[in-house]
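Here are my notes on the helix packing and the aromatic contacts. Please read them with the model open.

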Amino acid sequence: MVQLVGPLRKELADSLSTCKVLVVGAGGIGCELLKNLVLTGFKNIEVIDLDTIDVSNLNRQFLFQKKHVGKSKAQVAKESALQFCPTANITAYHDSIMNPDYNVEFFRQFVLVMNALDNRAARNHVNRMCLAADIPLIESGTAGYLGQVTVIKKGMTECYECQPKPTQKTFPGCTIRNTPSEPIHCIVWAKYLFNQLFGEEDADQEVSPDTADPEAAWNPEDATARATASEKDGDVKRVSTKEWARSTGYDPVKLFNKLFKDDIMYLLTMDKLWKKRKAPTPLDWLQLENTACPQDEAPGSGLKDQQVLSVWGLCQMFQHSVETLRSQLQEKGEGAELVWDKDDPPAMDFVTSAANLRMHIFSMNMKSRFDVKSMAGNIIPAIATTNAVIAGLIVLEGLKILSGEIESCRTIFLNKCPNLRKKLLVPCILDPPSANCYVCVSKPEVTVKLNVHKTMVLSLQDRILKERFGMVAPDVQIEDGKGTILISSEEGETDANNNKFLSDFGIRNGSRLQVDDFLQDYTLLVNVLHTEELERDVEFEVVGEAPDKAPPPQTNQEEVNSITNGNKDSAQPSTSSKGQQKRRTYCYKRLKTKTFSRVGILIWTEPGVYSMSYCNQGACL
């Protein structure tokens, strides 16, 4: 007769009380997950999160209260979880999982790792560390009402990087506020700014510099001190952006200098942010006005919406749009609010000008009004219930792994609407590793197309190896028969190479680079394919990589352009379909063959774009 301890078999209950698990992330999913783990019977848990608690977290991260604002998420989550089960042994780290201290040996001490992350770089890193340590990983993510859970096991399943991912459309708040690196970051910031000035204020959409940005103070104590500097008890008192703007009478010049000069100068004082990034350049209205040329205000050739304006032209657009929106607000009366609409010219002009001015400050190529309009879309909110469902599914998959039944684990999709079987949860069989994966195959290899005469060593390191291929501290050796070291992870050892072109080191079409990341225990062979025919603003291409976006038709342009806000629960769901970037599955029809029954499923690649695929009977339950 099977002995039970509560709802669990005694053997499993004993395993829970002795095994050691790691939770990476203590935000929306992480809070729910930590609570579930201690209530299920897990006794030895380590949790790590670099973030501190913000007021905007309190509506969905229920282990936190108002008095906790500014404190470490990991530490407070631990303290709150212990109230559910005081006998649990929980260790909290207020730190980045990408810190070199958390190496392969650190990961090997765990039976299971559970991700509750909000960004792709950290997901990639944990994926590689678990592969190197040969530890099962449960990956998860949410976006609005959608969610996903999947299991990753070396040699058995696809890893997180087996399939190409679409361009990330969710961003941490500190990226939006402090360190934008892509035009979309600036567009999201400008939309937030519109709401802060003229619309409904939302704590999730703060635009001022994030003083609690942990990256600005690597020492965890510094980050916590900075976050709590203005409130002893965590009860933060702020003068809102809208109140300040009203006090100035919505003066366009004062708004400009505050947003694009004073705030940027304040960011420059957070010097740790700029050690490995190009620092932003503040703008001053008077200085720009004095140096403006008459042709800066003259319209260019071609369609007006497809022109990229000069900086002073954008200043003029910013001024006119603020004056128009101020008038609209006054006409509506006291306490009125405006709603951003991409088809409202003043609102669109405001976002276009503010976003482009910020792009210029952070040394990005500016965009036309047409481009900005096509990129700016709806904001999907964080949903507490979605986090709770996904956290529960993580624990269920974890119980299967600890029971020795990893073959019964599934990728599970949480849909907004029921499928044809009236199910919101759709489990699908785990796919085997991809033979083309550049991470989990036995000898990872990629081919990169670039211009060796224009690509600098620093760009190879930061844009290609770190940003694109997710490495933390790469070492690069040229396979030239001499073992030339191009990049070293030892600080200062190869800094003299940074601003030289690849061609300066004899790298040409067909050259091979041996890249090692000792922290991730990861080696990658990079084949260089020289070309002078890359598209404008494209630095490099990975050969054979699936495109980010599926081709048209698109039935709903607003859906296609939708983006999510910078909440900490946002999803970059892992993929599990050959050649697809992300999917939601719907049982469609059964087709009988001589050997087995197949279930046709619709694969969602982009909103409004579907393709047909099949899986063995039982794959979609």
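Predicted model: local features only at pLDDT ≥ 70, side-chain atom pairs only at ≥ 80, totals over all residues.

1. Residues are numbered from 1 along each chain as its sequence is written, and side-chain values use heavy atoms, leaving out hydrogens and water.

2. Helix H2 (residues 28-40) packs on helix H16 (residues 384-402) at about 45 degrees, with the axes 8 Å apart. Helices here are DSSP runs (H or I, at least four residues), numbered from the N terminus. Axes are lines fitted to C-alpha atoms over the stretch in contact, and angles run from 0 to 180 degrees between N-to-C directions. H2 and H16 are therefore oblique to each other; that word covers what is left after roughly parallel (under 35 degrees), roughly antiparallel (over 145) and roughly perpendicular (65 to 115).

3. Which residues of H2 meet H16? Gly28, Ile29, Glu32, Leu33, Asn36, Leu37 and Thr40 do, and their partners in H16 include Ala388, Ala391 and Val395. Contact means heavy atoms within 4.5 Å.

4. The whole structure holds 18 aromatic pairs (ring centres of Phe, Tyr or Trp within 6.5 Å, using the six-membered ring of Trp). Phe260 and Phe318 pair edge-to-face, 5.7 Å centre to centre with 80 degrees between the planes (stacked is under 30 degrees, edge-to-face over 60, tilted the rest). Phe260 lies in helix H10 (residues 252-269) and Phe318 in helix H13 (residues 311-332), 58 residues apart.

5. Phe260 and Phe318 are both buried (under 20% relative accessible area, 1.4 Å probe, protein chains only). Both belong to one aromatic cluster, with Trp189, Tyr250 and Trp285 among its members.

Methods: Helix = DSSP H or I, 4+ residues; strand = E, 2+ residues; numbered from the N terminus. Buried < 20%, exposed > 50% of the residue type's maximum accessible area, 1.4 Å probe, protein only.
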